[in-house]
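The following account leads the reader from the overall make-up of one chain to selected elements of its fold, and then to a surface feature of another chain. Please consult the sequence and the coordinates alongside the text.

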Amino acid sequence: MSTKADRIELLQGTLDLLVLRTLVLCPLHGHAIAKAIERNSEDVLLVEQGSLYPALHRLIKRGWISAQDGISENNRRAKYYKLTAKGKKQLIVETGKWEKLTQAIAQILRPAE
Amino acid sequence: MDGDRHLNELDQEIRDHIDFEVQENLARGMTPEQARTAASRKFGNVSAIREETYTVWHRVWLQQALQDIRYALRQLSLAPVFTVTVMLTLGLGIGATTAIFSLVHAVMLRSLPVVDPSHLYRIGSGNDCCSTGALQGNWQVFSYSLYKQIEAAAPQFDNVAAFQGNAGVLSVRDSTSISQARPLLGEYVSGNYFQTFGLQAFAGRLITKADDQQNATPVAVLSYRSWQQNYNSSPSVIGATFNIETHPFTIIGIAPPGFFGETLSSTPTEIWVPLQTEFLTDGKDAFNLIPSQAWLHLIGHLRPGASIGGVSDALTATLQHWLITDADLPPQNRPRSAEQLTRQTIQITPGGSGIGTMRDAYQDSLRLLFALCLAVLLIACANIANLLLVRGIARRGQIALQLALGASRLRILRQALTESSVLALLGGIAGIGLSWLGAKLVIAVAFRHSTSVPIDVRPSLPVLGFCLGLSLLTGLLFGTVPAWLSSATDPIQSLRGANRATHKSAALPQKLLIVFQSALSVVLIAVASMLTHSILNLQNQDLGFATANRLSIQMEPPLADYTLDQLSLRYRDLRARLAQLPGVHNASLALDGPVIGGWQEAVVKPGEGMPRLDGSENTMWNRVSPGYFETIGLPILQGRGILDSDRADTRGVVVVNQAFVKKFLSGQPPIGKYFGFHLPAYSNAFEIVGVVADAKSGDLSKPPPPMAFGALAQHIIYTEEILQADDKWDHFINEAQLYYSGDLGTLEPRIREAFRLVDPNFAIIDIQPVQQLVDTQFDQQRAVAQLSGLFGILALVLASIGLYGVTAYTVARRTSEIGIRMAVGANRTNIAALIFRGAFTQVTIGLILGIPLAILFGKLLANRLYQVSILDPTALLIAIGTLILGATVASMIPARRAASTNLIQTLRAD
């Protein structure tokens, strides 16, 4: 587990991208999404778990994900979030944007020799 | 609500989420308590997350705004005295400013009620009315002959309409009745006049080009107002035949209700007749026949895309060509050099708002009043800012609590600004009502002697918009300082210190506001005093002629069909009949009475060349009947006045005044000297037989001009036709004067009867005491002085209330300090002095700043002031005195309260 000092706070809007990416494979409930993000970033990204929820509501309002009721692994009713067709398209757009951004920043930080 | 469902679901999810986390933590081996704490910490601030989610689904800013407004209204209703005070203060400030703005809008900004005013352009500029053939430089008025040339030379105009530069009175007699002719303000207009303005008749039809032909049936159009007031809106008027200047005219229609003519004036046109009928009414002396007689203003509808500069240049060329070839100017007025000719130009100027006689007359006054109103409004704002500051400080504990509970500084700022905006809007609503009343009041004050005021000040959209904008702006203005200060509160300190903290930062803005108010009030009161001083000087001045028991009968003899001999007979008859009326001591007739002003002529003395063109050798010129000087009370100093023996067949005589002797005879004995007008050939026309005292004439704020009075019964026989016409016109007199005692009410019908017996076609325009004519001339200045006095008092009252509020507040805050002072031996006088000193420090600084400002304003006003020096000590003393008085009263009450502080109670209270 990384120490607290190594953790990075998320950029504005980045959380949306991560949520969309996490939901590509299958619908998940909130806690599972939070866990997945933490796991996949190997605990580098600092997510206040609760901040996930406003992001989820934002994405629903934009029509990029939808919510449906389901039963969780420990047999409880839970809300499952699923990527919509519009959300899939948006994921491609956002991923492209993100790559451009990281490339551009990388180029500034380490100019080609 | 949909958003609430989302929130409920969110709560469930949050509980689930934390449960999951707790389970995991338990699995890792934590105690249940540790597990729950860790899960909560990892999850974060639940209420912040709820709020953030909420904002996803709601238009939060709107809700918050509504919430703020509701909160503000609740707060205000909890403090009714405060709210009403603010509303009244603001209502007065906003109302006064809006009232003046609505006048500014009506007089200066509004377009004529015509189609497409933006394409209307004046040909020429300025408001001069008429000229008998002088070179004008930048041309303003045009003769009929020049009008025709310009119309032909300006294809860029759709229409060029011509109309009489200064509408005159036409004698109009309903031919079906035997009544005396009615004087209507009439205007000769070209056939395309109404078409150029794009107007439709209210009833019947308007004048067309076909009516404006020499052989066409004479027609006339009545103004809606005249039709209403003089003819009871009777439909039978349309198509009826009226005798205008004794000639039969058919009334063909009524102009639209909003159209007061192309000139905004306090005496709007009542009847329009075609330009060509002037040949009928003025006979062979018609202005239209004289190429040099400039009496028409021109306005046209410019085609889109035409260049104004290009048209101006083309018309200037036309003018200069016309001056050489066709102008036929009187010999003394002809251009004397090529250079003088090139200085004659025509400019195209915007004409959408008509001819601005009134605009020019009132704009300075309106600007001044507008500035004064804005100053009052600023004082009101400063006042309310102070009141709000006091409130804000009292509420500091509450704000501190809000801040401590996590409200953002922005939110508190916004809440404070919302409260001030709500207050301002309430003030604005009060202001609309007050502005409407205010505008009516201003008009009543400014036009107290006018019968008809062509100004519509009902709240219009621009005025309402202005009022709303002004309210919001004032809200922002007086809300900013308190809002900023209240949000700057340090929660810890405030909560700890409660209301006893003596924060310097909060007291300073309050004091500065008082300084600012005091300075502005000094300026306002000084300005008001200077204007009042000036109007008092004007009213109490020695005019030179008498006004007591003097009556002026303004009249209009019909111009055509009377030979000068016939007129002479009627004049003599009229004077005799008037003189015989009971109570009348003396009666006379004159071209112009003592107040109205009148003609100017260029003096030529024997042995001298042509008079100069620039007016420097002009004298005022009047034709008077015998008895004139006695009737108007002008003392004869040397020689004699005009007598019955001065007849057409005796030598030409003239009476001059002292200013004339000084200017033209450089102090030589005047009796027996000769002079004449226009050309050297006529320099022997008049012999001076008497000298009268100087008297004011025309503009009563100017020094007495040189004046010459000729005998009404005499003529100069000029050989030049133009000058001959000139001589005839100066025998069409405008006024009869009476020196009388007794009741005007019983005299007036007898006067009218006398006129009817002499000739029913002699129209009486007005019968007025001379004093009233004098008063009317100062109406505007008096109105401005009175209104600025009103604003000055308002400013002072507001400033005093502000000072009172702040002083009272200071006393309340310093109660314990005062208690301690008393405990250590201060007596009541010491305490009162302490409070007075505090209040007067600010007022004194205000005075120190305000006095130089007031002097500066005096300098700006200099040209409006009559015999008031720029540094008017009286005005300054009054300003200083009233401010000190106001401040004393305002600080007296709190000082007394402070002095009567009960020592024991105070010390126990804390």
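In chain B, 82% of the contacts with a separation of 6 or more are between residues 24 or more positions apart, a contact meaning heavy atoms within 4.5 Å. The model is predicted: local features need pLDDT of at least 70 and side-chain atom pairs count only at pLDDT 80 or more, while totals for chains, interfaces and linings use all residues. Residues are numbered from 1 along each chain as its sequence is written, chains are lettered from A and ligands numbered from 1 in the order in which they are written, and side-chain values use heavy atoms, with hydrogens and water left out.

Chain B has 28 helices and 24 strands; these are DSSP runs numbered from the N terminus, helices being H or I with at least four residues and strands E with at least two. Of its 910 residues, 53% count as buried, that is, under 20% relative accessible area, whereas exposed means over 50% and partly exposed lies in between (1.4 Å probe, protein chains only). The chain exposes about 39200 Å², of which carbon and sulfur atoms supply 59%; accessible areas come from the Shrake-Rupley method with a 1.4 Å probe, and for residues only the protein chains shown count as cover.

Strand β12(B), residues 296-302, is mostly covered, with seven of its seven residues buried. B:Leu296, B:Leu298, B:Gly300 and B:Leu302 point one way from the strand, and B:His297, B:Ile299 and B:His301 point the other way. Strands pair if DSSP finds at least two bridges between them. Strand β1 of chain B (residues 120-123) pairs with β12(B) in the antiparallel sense over four bridges, and B:Arg122 has B:Ile299 as its bridge partner. Strand β3 of chain B (residues 157-164) also runs antiparallel to β12(B), joined to it by seven bridges; here B:Gln164 stands opposite B:Leu296.

Helix α25(B), residues 815-823, has B:Ser816, B:Ile818, B:Gly819 and B:Met822 among its buried residues. These four lie on the same side of α25(B) because they cover an arc of only 160 degrees around the axis, taken from the directions from the helix axis to the C-beta atoms. Just after the helix, B:Gly825 takes a positive phi of about 115 degrees.

In chain A, A:Trp98 lies in helix α4 (residues 85-109) and is partly exposed, with a relative accessible area of 33%. Together with A:Leu101, A:Ile105, A:Ile108 and A:Leu109, A:Trp98 forms a nonpolar surface patch with about 520 Å² of accessible area. Patches are made of residues with over 30% relative accessible area and no salt bridge, like charges being joined within 9 Å and nonpolar side chains (Val, Leu, Ile, Met, Phe, Trp, Tyr) within 5 Å; a salt bridge is a side-chain nitrogen of Lys or Arg within 4 Å of a carboxyl oxygen of Asp or Glu.
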